[in-house]
Amino acid sequence: MNTPAHILIGWAAFGRKGPPSVASAAAFGGFAPDLSLYLLAGVSINVLGISPQVVFNDLYFSAAWQAIFSVDNSFFVWGALLAFALYRKSSVGIALCGAALLHLLLDFPLHHDDGRAHFWPLSNWIYESPVSYWDRGHHANTVAPIAAAIALGCAYLIAREKWLSWRSAFAVALVAMELYGSAFLFGLTFNL
């Protein structure tokens, strides 16, 4: 799934019923496993001037980048952090780590040749799913609309909360990104 969908799902699953601090932690937890990708790609493209093609076709698959991705996409790392949050009875920590683990659980079956080593540090094995959320050659034409519908459902749940001023604006922005990404997948274009 794309990052906005992960944020909405994590937020709806772990942040809807809590105070703003828990909601923020859940939204960030949905984003956290992709943080290193955004930082590495952002610096490479916008600061170093490396073309997006080189970033996503070469650097993304390099040993150095994959080593970084292994840490923030590890079931064991996030599982240990969740166990610590549960031990400390930290609702913010539980929301953050729970949403991050949910992100990984959703990513695991939806990446064909661009998955991550989710079992690091015990293994560098990467599952190559027959299904992809973005690759039309691996059923994205079916998966992307389902992911978009789930994200929309989560946005609806979030927007129903009583204190929704900043939440609704954020949810609408995420849904717009989700829909734009799904439209891009199907070859539609928008002049924004």
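At the start of helix H5, a side-chain oxygen of Ser74 comes to within 3.1 Å of the backbone nitrogen of Phe76, a polar contact being a pair of N or O atoms within 3.5 Å in which, within protein, one must be able to donate a hydrogen and the other to accept it, residues adjacent in sequence counting only if both atoms are side-chain atoms. The model is predicted, so that local features need pLDDT of at least 70 and side-chain atom pairs count only at pLDDT 80 or more, whereas totals for chains, interfaces and linings use all residues. Residues are numbered from 1 along each chain as its sequence is written, and side-chain values use heavy atoms, with hydrogens and water left out.

Helices are DSSP runs (H or I, at least four residues), numbered from the N terminus. The buried residues of H5 are Phe75, Trp78, Leu82 and Ala85, where buried denotes under 20% relative accessible area, exposed over 50% and partly exposed the range in between (1.4 Å probe, protein chains only). Seen down the axis of H5, these buried residues fall within an arc of 95 degrees, and they therefore line one face of the helix; the arc is that of the directions from the helix axis to the C-beta atoms. What covers the buried residues of H5 includes H2, helix H4 (63–72) and H6, contact meaning heavy atoms within 4.5 Å. The face turned away from the buried side of H5 carries the exposed residues Tyr87 and Arg88, and just after H5, Lys89 takes a positive phi of about 55 degrees.

Aromatic pairs number 13, under a rule by which rings of Phe, Tyr and Trp (its six-membered ring) pair if their centres lie within 6.5 Å, planes under 30 degrees apart counting as stacked, over 60 as edge-to-face and the rest as tilted. The rings of Phe75 and Phe119 have their centres 5.4 Å apart and their planes at 55 degrees, so this pair is tilted. Because Phe75 lies in H5 (residues 75–88) and Phe119 in the loop between helix H6 (91–107) and helix H7 (140–159), the pair ties together parts that are 44 residues apart in sequence. Phe75 is buried, with a relative accessible area of 15%, whereas Phe119 is partly exposed, at 28%. The rings of Trp125 and Tyr127, with centres 6.0 Å apart and planes at 50 degrees, also form a tilted pair. Phe75, Phe76, Phe108, Phe119, Trp125 and Tyr127 form one aromatic cluster.

How values were computed
Helix = DSSP H or I, 4+ residues; strand = E, 2+ residues; numbered from the N terminus.
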